[in-house]
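This report goes through the structure shown below, from single residues to the ligand site, the cores and the domains.

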Amino acid sequence: MDENRASTALDELITALPDGTVVTDPDIVAAYRQDRAADPNAGTALAVVRPRSTEEVQTTLRWASTHRIAVIPRGMGTGLSGGATALDGAIVLSTEKMRDITVDPRTRTAVAQPGLLNAEVKKAAAEHGLWYPPDPSSFEICSIGGNIATNAGGLCCVKYGVTTDYVLGLQVVLADGTAVRLGGPRLKDVAGLSLTKLFVGSEGTLGVITEVTLKLLPAQHSACTVVATFGSVADAANAVVAITSRIRPSMLEFMDAAAINAVEDKLRMGLDRTAAAMILAASDERGPAGAQDAEFMVDVLNSHGAKEVFSTTDPDEGEAFVAARRYAIPAVEAKGSLLLEDVGVPLPQLAELVSGIEAIAAERDLLISVIAHAGDGNTHPLIVYDPADADMTARAHRAFGEIMELAVRLGGTITGEHGVGRLKRPWLASQLGPEAMELNRRIKQALDPLGILNPGAAI
Ligand SMILES: Cc1cc2nc3c(=O)[nH]c(=O)nc-3n(C[C@H](O)[C@H](O)[C@H](O)COP(=O)(O)OP(=O)(O)OC[C@H]3O[C@@H](n4cnc5c(N)ncnc54)[C@H](O)[C@@H]3O)c2cc1C
């Protein structure tokens, strides 16, 4: 669309929405170009639209369909695969002003608008003695709508499941502006196709989520935390498999030497800089069951060659280690730009995946730090590079692809929780195969025939 037509179309939208909803200030629009994946190919949107209601989202999408203008849905832009990257001439639709929540303790549900932070949902639930479990490390900075659109995981998901396990219902605005209600505050409901689940993890390509009904649990019991260091990453990975084959820990995380040292550089909390790997595990079972779990994990970690094992029931001590794990991405990011991977494998292949990543790092002469939601077999290799160094950047991108190819060879996935976005799209077909790819495309075509919603992302 030429500049004049785009500007006339935009005037129409500005008039149709309340004052201040459509933002065209170039500095503000520029701030919405990229998400945390920092895709260098990001374009510049025509405008940022910040609706406050489902009706305003409908108005925006009707307008976009009429004018064939692409819409990039955006939560808080913490995504790590470029799913919210702006395109030239598109609209970025940010849900940041959609922030209502009500909690119903009788049904143990919450109804929230998408722009609320995950941490704010947890806080609202906690005020009623309830708990919203999914806990991405970014929980204080990411939106609940973004969590649903990516089917986010996190630290406690090894026991409590991922975002989709807590989504009972959605309101979604389709590309043509139709608003649809799916599911609701019912624990069992099998009427019709499972469309609520279709939108979870759809990365803004099928509709804009404008309201969500979430299942809540009774508040979590405080945990016993066990921390172990290892001289070998393979030993640590094998210990993970041995733990999960017998019990359900409420957390089972992994950090390699580079992550341990990067965190220690920043937090100075006395982590063992000489360790090749660290395992952080917890059990939130009540009473003696929790103590038994902790004892079992200590035994397994010791019998798999741990250098040192430490166990505590002090919540503050446990939380300090969890905070260290959560801080790993920003800490490694301080070493250089990151290409952030998210590959996962069936648990028995975890050791092979981690050793394979070490081999790729050596072959490509790169620092690749591995952190992992190890109990889920979901790793985050963090490839560190200097974008000013063309050769290093090329090697980093090769390693990025090689790690995904390795995971697929091991029967795994190119993404466990961050989504395909724009950065992983070239590898999607290698995991799904032609039939499943075609089915994905047919669903996208049926719901968004004009290709308005997040073109170039995910599918
Ligand atoms: C330090 C750090 C740690 C992280 N740790 C984790 C982790 O442990 N687990 C994990 O899963 N992720 C993690 N992430 C990644 C990220 O926080 C999640 O993917 C999160 O769910 C994205 O939420 P957001 O609001 O920032 O979404 P955005 O980045 O704004 O968007 C993500 C995707 O969702 C779409 N989208 C957003 N809102 C809507 C909506 N209302 N309707 C339709 N589509 C929408 C966008 O188009 C895009 O495709 C981490 C990120 C950082 C920076």
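Is Arg-325 buried or exposed? The model is a predicted one. In it, Arg-325 counts as buried because its relative accessibility is 2%, under the 20% cut-off. Arg-325 is part of helix H11, residues 315-326. Leaving out residues up to four places away in sequence, Arg-325 touches Ser-137, Leu-155, Glu-253, Phe-254, Met-255, Leu-280, Ile-371, Ala-372, His-373 and His-380.

**Ligand site**

The shell around the ligand has 35 residues, and those that come nearest are Pro-73, Gly-75, Thr-78, Ser-138 and Ser-143. Strand S3 (71-74), helix H5 (144-150) and strand S10 (208-215) each contribute at least two residues to this shell. H5 gives the most, with five residues.

| Residue and backbone atom | Distance to a ligand oxygen atom |
|---|---|
| Ser-137, backbone N or O | 2.9 Å |
| Gly-146, backbone N or O | 3.4 Å |
| Glu-203, polar backbone atom | 3.2 Å |

Taken alone, the ligand exposes 980 Å², of which the protein buries 98%.

**The loop between H14 and H15**

Gly-421 sits in the loop between helix H14 (390-409) and helix H15 (425-447). With a relative accessibility of 0%, Gly-421 counts as buried. Beyond residues up to four places away in sequence, Gly-421 touches Ser-81, Gly-82, Gly-83, Glu-203, Gly-456, Ala-457 and Ala-458. Between Gly-421 and Ile-247 there are 34 Å in space, C-alpha to C-alpha, and 174 residues in sequence.

Lys-424 belongs to the loop between H14 and H15 as well. Why is Lys-424 classed as buried? The relative accessible area of Lys-424 is 2%, so the residue is buried, given that the class covers values under 20%. Its side chain reaches the backbone oxygen of Ile-414 at 2.5 Å. Setting aside residues up to four places away in sequence, Lys-424 touches Glu-341, Asp-342, Val-343, Phe-400, Met-404, Ile-414, Thr-415 and Gly-419.

**Domains and nonpolar cores**

The protein chain is divided into domain 1 (3-94), domain 2 (101-218), domain 3 (221-333) and domain 4 (336-420). The centres of domain 3 and domain 4, taken over C-alpha atoms, are separated by 21 Å. Their contact takes 19 residues from domain 3 and 22 residues from domain 4.

The largest nonpolar core holds 53 residues, and Phe-230, Phe-254, Leu-301, Ile-368 and Ile-383 have the most contacts inside it. At least three residues of this core come from each of domain 3 (221-333) and domain 4 (336-420). A second, separate core has 29 residues, including Ala-112, Ala-125, Tyr-166 and Val-212.

What does Ile-383 contact beyond its neighbours within four places in sequence? Its partners are Ser-337, Leu-338, Leu-339, Leu-366, Leu-367, Ile-368, Ala-396, Ala-399, Phe-400 and Ile-403. Phe-254 and Ile-368 are among the residues with the most contacts inside the largest core; Phe-254 is touched by Arg-325, and Ile-368 is in contact with Ile-383.

**Helix H9**

Which residues of helix H9 (residues 257-267) are buried? They are Ala-259, Ile-260, Asn-261, Ala-262, Val-263 and Glu-264. The elements that cover them include strand S13 (251-256), strand S14 (277-283), H11, helix H12 (328-333) and strand S17 (367-373). At the N-terminal end, H9 is capped by Asp-256, with a side-chain oxygen 3.2 Å from the backbone nitrogen of Ala-258. Just after H9, Arg-268 has a positive phi of about 45 degrees.

**Other positive phi values**

Arg-108 is not a glycine, yet its phi is positive at about 50 degrees. Arg-108 is found in the loop between strand S5 (101-104) and strand S6 (109-112). A relative accessible area of 37% makes Arg-108 partly exposed, as the value falls between 20% and 50%. Asn-151, also a residue other than glycine, has a positive phi near 50 degrees. Asn-151 lies in the loop between H5 and helix H6 (157-160).

Key: Residues are numbered from 1 along each chain as its sequence is written. This is a predicted model: local features need pLDDT of at least 70, side-chain atom pairs count only at pLDDT 80 or more; totals for chains, interfaces and linings use all residues. Side-chain values use heavy atoms; hydrogens and water are left out. A nonpolar core is a set of buried Ala, Val, Leu, Ile, Met, Phe, Trp, Tyr and Cys residues joined through side-chain atoms within 4.5 Å. Buried means under 20% relative accessible area, exposed over 50%, partly exposed in between (1.4 Å probe, protein chains only). Domain bounds come from an automatic or database domain assignment. Contact means heavy atoms within 4.5 Å. A residue is near a molecule or strand if one of its heavy atoms lies within 4 Å of it. A polar contact is a pair of N or O atoms within 3.5 Å; within protein, one must be able to donate a hydrogen and the other to accept it, and residues adjacent in sequence count only if both atoms are side-chain atoms. Accessible areas come from the Shrake-Rupley method with a 1.4 Å probe; for residues, only the protein chains shown count as cover. Helices (H or I, at least four residues) and strands (E, at least two) are DSSP runs, numbered from the N terminus.
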